Amino acid sequence: MDGHGVARVFHGVAADPVLPGDVTARARDLGPLESPLIWLSIASAAVAVLAVVVALWYRRRVRRWGFTAFGVLLLLAAVTALNSYVGYVRTGDDLARLLQKGPGPVNLAGRLLDDGKEAPSAPRPSAPATAGGQRVDVLNVPDPAHGVPSGSNYVVLPPGYDQDTARRYPVVYLIHGYPFGGPRDWLTSGDAPGTLLALQQAGVIAPMIVVSVDLTAGNPSTDWECLDVPGGPQLETYLTATVVPAVDRHYRTLADRGHRALGGMSGGGFGALNIGLHHVGEFATLVIALPYDDLNDSVGILGGNQAAIAANTPRRYLPTMKFTAPISVMLAVGTGAPTDVTTARRIADALRARGQEAVVHAERGFNHTWHTARATLPYLLAFADQNFRASPAAS
């Protein structure tokens, strides 16, 4: 591995990238709304209110209002503590995006808070370039024929895209988690634009396009697992047969498997693994955070169809799978989630047994959260870049 953080290939085996410390530190840092000081302060205020109530117990009005305030503060402390652990709401823009999912006044509050700087708040063909020179488009690709009424796919274009009109770019597709996940998550909670910019400015990766795919089928509360659901949305087909061709039509991509990677986190990581293994002719690289290889509690989405269950359970079919083209896979986990570590190693061993490249990257102390997905994204993108560079452009 070289000193610039880009993994080299030794005897045809991919390696875990070594990255500059400032890039990795940035990805691991907590956002302003993730600080433990927030919930600790609120919890301290709750204790102070309770102390006042006890001291003035003889005053009925103080007891009534005091207990109400104590309950509200305790709830806020619990919510902010959970967010500090999970890392879903990172900034004020993340909070605005979350509130916009709510009804009436909650949605209005979210719209008022949204400054639109980190990601477009509503689908539109294109957005102005950010301070770093990036541009974030929302490519709305509905596919009613496959049960997808709308699809707001976020496209992060690298600095210089609009100036160097002769250049074509590799593409990384990222899938959000389930349930209640969405395509904007990789731009906010996952900080994909910021990570891309940091890697490019450090000279670690060549410019690339990142697409955060909408696989909610207009119903983010359902755990679709990126599947072609019997009698429901055909999400695997939507991604491979609708979204990828649409991106290739609208943008200057290197439209071949060697310059196309598929990734995701948690449920999206399962989807990336399953879809990627089904479509090795379209994706040469898989970059997966918080992986799993079994449908587990989501098996019901396939309605008891045993053939569909077997065909969509990598843990079953990978050990005997015949590969028509080689793939290279990185699996990223946190050591604080031992089940993830075991699963990643099992998937990697199964891939290697079938003659494929697989690397497991572990972040010490991290868990099955957005913190881990964000902290490992620089490694996943650098790994994809490594494979892009090694792949000649198709003629």
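Good morning. Let us begin with helix α11 (residues 338-353), where arginine 352 and aspartate 349 both lie, 3 residues apart, about one turn of the helix. Helices here are DSSP runs of H or I with at least four residues, and strands are runs of E with at least two, numbered from the N terminus.

A word on the source. This is a predicted model, in which local features need pLDDT of at least 70 and side-chain atom pairs count only at pLDDT 80 or more, while totals for chains, interfaces and linings use all residues. Residues are numbered from 1 along each chain as its sequence is written, and side-chain values use heavy atoms, leaving out hydrogens and water.

Arginine 352 and aspartate 349 form a salt bridge, their closest N and O atoms being 3.3 Å apart; the term requires a side-chain nitrogen of Lys or Arg within 4 Å of a carboxyl oxygen of Asp or Glu. By that rule there are 8 salt bridges.

Another of them joins arginine 28 and glutamate 363 at 2.8 Å, N to O. This pair links distant parts of the chain, 335 residues apart: arginine 28 is in helix α1 (residues 21-28) and glutamate 363 in strand β10 (residues 357-363). Buried means under 20% relative accessible area, exposed over 50%, and partly exposed in between, with a 1.4 Å probe and protein chains only.

Finally, consider helix α8 (residues 267-278). Because 11 of its 12 residues are buried, α8 is largely enclosed by the rest of the structure. Among the buried residues are Phe270, Leu273 and Ile275.

Definitions and conventions
The expected span of a helix is 1.5 Å times one less than its number of residues.
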